[in-house]
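This briefing covers the overall fold and surface, and then turns to selected salt bridges. Please read it alongside the sequence and the coordinates.

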Amino acid sequence: MKADCGTILIVDDDANHRAFVASILDRVGYGTREASSGEEALSSVRSDRPSCVLLDVLLPGVTGYAVCRELRDEYGDVLPIIFVTGERTEPGDRVAGLLLGADDYVLKPFDSDELLARVRRLLVRTELVARSNGERRSNAFGLTARERDILMLLADGTGQKAIAAELVLSSKTVATHIQRILTKLDAHSRAEAVAVAHREGLARPV
């Protein structure tokens, strides 16, 4: 199974554990990157937001709980966060993690297939939520389904001729749709329309 969902950030101060988790995710096609501390994790997410964060609780410096709280405050619910830890296993600790905004809590040692299932479930849920939000926003602007498809492709950096080829339309038809999109978004250029698309959640999640 090849996964096209961006990278998954593995945050743990144990290099062997990070390598083990990365091997599990790499096996099914997920891209990964790693952080060994809370500060490094926050910097990594802010420089290039991952599709999911696997986060240990006990980290040097900033704790996993603090990292989770900061990420939730900055990114809301669009960033899936899973605590993966063997250090704090009391029910109260798991509840605290979930109350801070974690989507799931996995205890070490864990079954590889279970971890993959939990990651997949969260990624699918996040994508469905993003699509739903995008549809509501596109409805607010009065965009048709075809216009939304074209706007998303423009936001991806796709040119007019390539859009026409991908959607099996004439270039002239695509140009007409783009003009309607500009009018509905009150945008004066394609670049401005793309900026509106990213700001309003009408583009694909980064």
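At 22% relative accessibility, how does Asp103 count: buried, partly exposed or exposed? Asp103 counts as partly exposed, given that buried means under 20% relative accessible area and exposed over 50%. The model discussed here is predicted.

**Fold and surface**
- The chain has 9 helices and 5 strands, which follow one another along the sequence in the pattern β-α-β-α-β-α-β-α-β-α-α-α-α-α.
- Among the contacts with a separation of 6 or more, 62% are accounted for by residues 24 or more positions apart.

- The structure holds 12 salt bridges, one of which joins Glu70 to Arg46, with the closest N and O atoms 2.8 Å apart; Glu70 lies in helix H3 (residues 64-75) and Arg46 in helix H2 (residues 38-47), 24 residues apart.
- Arg125 and Asp103 also meet in a salt bridge through their side chains, at 2.8 Å from N to O, and this pair links helix H5 (residues 112-141), which holds Arg125, with the loop between helix H4 (91-99) and strand S5 (104-107), where Asp103 is found.
- Arg125 is partly exposed, at 34% relative accessibility.

- Arg118 and Glu114 form a salt bridge at 2.8 Å, N to O, and both lie in helix H5, 4 residues apart, about one turn of the helix.
- A network of salt bridges links Asp104, Glu114, Arg118 and Arg121.

Key
Residues numbered from 1 in each chain as written. Predicted model: local features only at pLDDT ≥ 70, side-chain atom pairs only at ≥ 80, totals over all residues. Heavy atoms only, no water. Helix = DSSP H or I, 4+ residues; strand = E, 2+ residues; numbered from the N terminus. Contact = heavy atoms within 4.5 Å. Salt bridge = Lys/Arg side-chain N within 4 Å of Asp/Glu carboxyl O. Buried < 20%, exposed > 50% of the residue type's maximum accessible area, 1.4 Å probe, protein only.
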